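I opened this entry to record what I looked up in the structure shown below.

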Amino acid sequence: MTLSILSFAQVCARGQARGKRVFIRADLNVPLDAQGQISEDTRVRASVPALRMALDAGAAVMVTSHLGRPVEGRQQPGDSLAPVARRLSELLGQPVRLVSDWVDGGFELAPGEVALLENCRLNPGEKKNDPELSRKMAALCDIFVHDAFGTAHRAEATTYGIAQYAPIACAGPLLAAEVEAIHRALAQPQRPLLAIVAGSKVSTKLTILQSLASRVDGLIVGGGIANTFLLAAGLPIGKSLAEPDLVEQARQVMQDMKARGAEVPIPVDVVVAKEFRADAPATVKPASEVADDDLILDIGPRTAQALAERLKAAGTIVWNGPLGVFEFDAFSHGTEVVARAIADSDGFSLAGGGDTLAAIAKYHIAQRIGYISTGGGAFLEVLEGKTLPALEILHKRALEAQAA
Ligand code: ADP
Ligand code: MG
């Protein structure tokens, strides 16, 4: 890690966790199906090493997370972490008790036990990082462990405020590993370094495009983002998803790359449909021949093949965002060809983003990606070189502890 931060592993190695109350902020925000069952449990599994570390160190363990976007102060069906408690209990091989209304304490917890504290976003003041709420939560523990990389770019009561007031505040193994992996890949990358920034909108990824444009050897755009770049290149895009008000910024990104002798490859062919539907007939066209009533829903096969060639020869690949509407099979080929090329490349690959992870799972290539981040927004912010708020406060606390 570039910032000096206390790690939970160090705290445990010093024996400081024995018999102590450890409060872990994890990211257990998993998708639930219509029956309320967990449909994808990667995040629950990713939270286990920190919990094990705390249990092995002899601590009494509290863990919390947000789930979905509940209204603060008003629990609705579907807001409960109950399914997560069951899954965690299976993974740990011991009971995991779910505790509601936990902010003021009053629940018993012995060393060796694990309590899952109900959805932290139900607590009024969580999102606003309320100091009073943060102080109460800090009073529940001796050691606060931040292990939720996916929310490390937000300053909320369980991601920031509690770290200000807890007696000891440190980074959990997942948070530390995430940040280290991204820095390791980008500090001295094997060249050529290629970045793929695709997905739905330029607006959500403009700063990452701008920041990568000054560092990468090739910047590959795809999805709705490519549509805005096609516009910037003066090509027709019909009714496709795009952001015409960001064409100027897209053009600037292309110019910045060109000035460095690098480029943003623009698709030469595309897959279009007349309607946004899974069963809409798909037509491959040269990018210059898109009709007024066409929707571009994928990159074409020639474009995908050309990108695949470049990716196979890359030294380092950073990937965020599907290259088309990969949820619809007829428009998934571009994403699939690129995903397989990344998997086949000898270069180190780094991928992150909610839908990107879904694409990786769809094509069963997870084993062949160098590092898969659990974060979406946080992954992009670290790539941009920003200091995440969660790391900033942990760094501050580490400096205070050194001075004391
Ligand atoms: P991530 O979650 O990996 O960061 P995004 O959320 O930015 O990715 O984008 C993924 C979404 O973009 C997918 O739902 C996909 O269907 C959509 N998408 C990709 N290409 C297009 C396109 N050409 N037109 C409309 N939507 C698209
Ligand atoms: Mg997404």
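I began with the term for open space: on a 1 Å grid over the protein atoms alone, a pocket is an open set of points where a 1.4 Å probe fits, with protein on both sides within 12 Å along at least five of seven lines, and lining residues have an atom within 4 Å of a point. I noted that this is a predicted model, in which local features need pLDDT of at least 70 and side-chain atom pairs pLDDT 80 or more, while totals for chains, interfaces and linings use all residues. Side-chain values use heavy atoms, without hydrogens and water, and residues are numbered from 1 along each chain as its sequence is written.

**Pockets**

I looked up the second largest pocket and found 32 lining residues, with Gly-199, Ser-200, Gly-224, Pro-322 and Gly-324 nearest its centre. Helix 8 (223–232), strand 11 (295–299) and helix 12 each give two or more residues to this lining; helices (H or I, at least four residues) and strands (E, at least two) are DSSP runs numbered from the N terminus. The volume of the second largest pocket is about 510 Å³, a volume being the space filled by probe spheres set on grid points joined across faces, edges and corners. I recorded its lining as 15 nonpolar, 13 polar and four charged residues. Here Ala, Val, Leu, Ile, Met, Phe, Trp, Tyr, Cys and Pro count as nonpolar, Asp, Glu, Lys and Arg as charged, and the others, Gly among them, as polar.

The largest pocket holds about 700 Å³ of space. Of its 25 lining residues, Glu-40, Thr-42, Leu-357, Ile-372 and Ser-373 are closest to the centre. Helix 12 (354–362) is among the elements that supply at least two residues, and helix 12 gives the most, with five. By class, I noted 11 nonpolar, 11 polar and three charged residues in the lining of the largest pocket.

**Helix packing**

Helix 8 packs against helix 9 (residues 247–259) at about 85 degrees, with the axes 8 Å apart. The two helices are therefore roughly perpendicular (65 to 115 degrees). In the contact (heavy atoms within 4.5 Å) I found Thr-228, Phe-229, Leu-231 and Ala-232 of helix 8, and Val-247, Ala-250, Arg-251, Val-253 and Met-254 of helix 9. These divide into seven nonpolar, one polar and one charged.

**Overall form and backbone**

I recorded 14 helices and 14 strands. The C-alpha atoms fill a box of roughly 70 × 45 × 35 Å along the principal axes.

Arg-191 and Pro-192 are joined by a cis peptide bond, with omega about -5 degrees. Pro-192 lies in the loop between helix 6 (173–187) and strand 7 (193–197). Asn-129, not a glycine, has a positive phi of about 60 degrees. I placed Asn-129 in the loop between strand 4 (114–117) and helix 4 (131–139).

Definitions and conventions: Chains are lettered from A and ligands numbered from 1 in the order in which they are written. Axes are lines fitted to C-alpha atoms, for helices over the stretch in contact, and angles run from 0 to 180 degrees between N-to-C directions. Angles under 35 degrees count as roughly parallel, over 145 as roughly antiparallel, 65 to 115 as roughly perpendicular and the rest as oblique.
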